[in-house]
Amino acid sequence: MRLELESLSKSFGDQTVLEDLTLDLADVRSLALIGPSGGGKSTLLRLVAGLDRPDSGTLRLNGEPVPFDDEPALLRYRRTIGTVFQAFNLFPHLTALENIVLPLEKAHGHSRADARCIALAELDRFRLAAHAHKKPGQLSGGQRQRVALVRALAIKPRLLLFDEPTSALDPEMTAEVLDAIRALSEEGRDFLLITHEMSFARAVADHVAFLAIGKILETGPAEAVFEHPQTPACRAFLERILHF
Amino acid sequence: MKPASRLFLAPAHGPPAPAARLLGWLIAALLVAGVFAFAFIRLRYTWNWAGVWEYRAAFLRGWWTTVVVSLSALITSSVLGVLVALARRSPVLALRSLAQFYVEIVRGTPLLVQIYVFFYVVADAFRFGNRYVVGVIILSLFSGAYIGEIVRAGIESVGRTQLDSARAIGLTRAQIYRHVIFPQALRSSLPPLAGQFVSLVKDSSLLSIIAISEFTYSAAKVSSTTASPFEAYLPLALGYLVLTLPISLWTRHLEERHRYET
């Protein structure tokens with residue numbers, strides 16, 4: 001993918017969350033956003049997802065600007081992106097299968113039978129077929145996140161977004177979700193990931209962007225950023241987080 | 001737990017034994033029956049069931065009118081309630097205010113006054129003759145305000161991340177309401193809705209003041225004709241219970257069906 005940000009700004013009230021971001025990442029397959037909490041990572045991801053509008057600036061994905069000012073076009077844009085949030089992704093009143101069928105049928109025009117077919121095949125691929133008819137309340141946290149991932153994936157998105165998909169999980173479940181993401185990474189899918197699991201970011205992302213206080217302070221290939229952070233802020237952040 | 005207390009107390013986990021439940025039910029029923037039996041025996045009242053029995057057809061007609069009026073009002077007020085809830089969340093500010101005025105005025109004034117004003121002033125001005133239709137409209141307007149607030153609370157109880165997820169998968173606004181918000185809002189709204197529907201059935205009795213010959217109106221007439229108030233009003237209470245208990249049971253059944261953990 002190619003991700004271009006051009007003086008992108010966003011504030012909530014008098015709090016500036018993203019300040020004049022400019023960035024051009026070409027030929028990036030997987031990008032990890034790292035940095036301290038409140039640094040603007042989630043806000044940037046929500047802009048890329050087409051869920052929020054920036055106050056100013058443009059955001060281009062693969063050369064096309066995200067149509068923030070045109071609601072119908074923005075809706076069509078959102079349908080090409082798969083997003084997985086921290087938690088509560090799934091609709092609690094629908095089974096795992098229905099959760100995956102819903103966007104396929106209602107947003108992508110598949111017939112119901114078709115949508116079920118696609119959903120079951122994807123569930124099977126992630127060893128979730130046995131849970132297809134369970135509601136989210138009957139699934140473990142890790143299973144819920146994997147079903148959410150399958151839902152995001154089933155629509156064949158051009159880009160997957162993960163907003164701290166494991167931060168609400170215990171270590172064992174974290175491993176099961178990270179395994180699923182790693183499998184996608186090995187398939188060569190484009191994704192953008194926010195995570196606090198640095199060793200994982202290092203293993204699956206080929207590019208890293210370090211965000212703090214609303215600015216992108218450092219970007220580069222994952223190896224380079226983790227081995228030789230260039231800015232003091234990034235170095236301090238990595239030292240603090242890798243301390244244990 | 002000791003065997004004796006197991007008969008009377010619910011276990012800390014899981015449902016109580018069927019025998020214990022039956023025993024509890026029996027004790028409660030006996031207590032209620034005992035209090036009323038004692039009170040009625042002290043009354044030294046000469047019952048005149050035969051006199052009232054003569055008017056059973058009037059009772060039935062009145063009861064049926066109550067069924068039809070309540071059921072019609074229940075349906076129209078539900079539709080109205082949903083519209084009001086949507087209007088209160090509408091981007092059009094005038095619509096929001098209109099819905100709010102409506103809710104506050106209806107909830108803040110007695111139904112009695114609303115019936116008089118609507119029947120003698122509004123309906124009259126618009127040359128609306130059929131008092132039964134007017135009755136249904138008044139009752140719907142009254143109940144619709146409460147249902148609107150119940151539905152609004154239900155809609156607002158749906159979490160923010162649910163809306164984000166729904167938007168992220170590319171559903172339109174209408175689809176989000178249809179497939180994500182309403183099913184979840186319904187679940188949290190069911191208990192208060194059941195209460196509101198039961199109230200609606202009972203509130204229909206006030207329509208007797210504009211001479212709609214529903215159940216209460218019939219009972220009052222029989223009571224004054226036969227001079228046997230208890231024989232007229234006790235069947236009245238029973239007749240309302242026959243309508244309201246199924247509503248409670250039905251909504252409880254729906255609650256069970258829509259149960260899921262969040």
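Let's start with two helices in chain B. Helix α7(B), residues 131-156, and α9(B) have axes that come within 8 Å and cross at roughly 155°. Keep in mind that this is a predicted model. Now, how do α7(B) and α9(B) run, roughly parallel or roughly antiparallel to each other? Angles over 145 degrees count as roughly antiparallel, so α7(B) and α9(B) are roughly antiparallel. Their crossing is right-handed.

Who makes the contact? On α7(B), the residues include B:Phe142, B:Tyr146 and B:Ile150. On α9(B), they include B:Leu186, B:Pro192 and B:Leu193. Sort the residues of this contact by type, and you get 13 nonpolar, five polar and one charged.

Next, the contact between the chains. Chain B gives 20 residues and chain A gives 19. Which helices of chain B each supply at least two residues to the side that touches chain A? They are α8, 160-168, and α9, 173-203. That side of chain B divides into six nonpolar, ten polar and four charged residues.

Last stop, the sheet in chain A. The sheet is open and has four strands, in the order β2-β1-β4-β5, with antiparallel pairing. Look at the edges. β2, 15-25, and β5, 64-65, each have a single partner strand, so one side of each has no neighbour in the sheet. Strand β1(A), residues 3-12, pairs with β2(A) in the antiparallel sense, over seven bridges. Here is a bridge to find on screen: A:Glu4 has A:Asp24 in β2(A) as its partner. What holds such strands together? Strands of a sheet pair through backbone hydrogen bonds.

Conventions
Residues are numbered from 1 along each chain as its sequence is written. Chains are lettered from A and ligands numbered from 1 in the order in which they are written. This is a predicted model: local features need pLDDT of at least 70, side-chain atom pairs count only at pLDDT 80 or more; totals for chains, interfaces and linings use all residues. Two residues are in contact if their C-beta atoms, placed from the backbone, lie within 7 Å. Ala, Val, Leu, Ile, Met, Phe, Trp, Tyr, Cys and Pro count as nonpolar, Asp, Glu, Lys and Arg as charged, and the others, Gly among them, as polar. Axes are lines fitted to C-alpha atoms, for helices over the stretch in contact, and angles run from 0 to 180 degrees between N-to-C directions. Angles under 35 degrees count as roughly parallel, over 145 as roughly antiparallel, 65 to 115 as roughly perpendicular and the rest as oblique. A crossing is left-handed if the near helix is turned anticlockwise from the far one by less than a right angle, and right-handed if clockwise. Two strands pair if DSSP finds at least two bridges between them.
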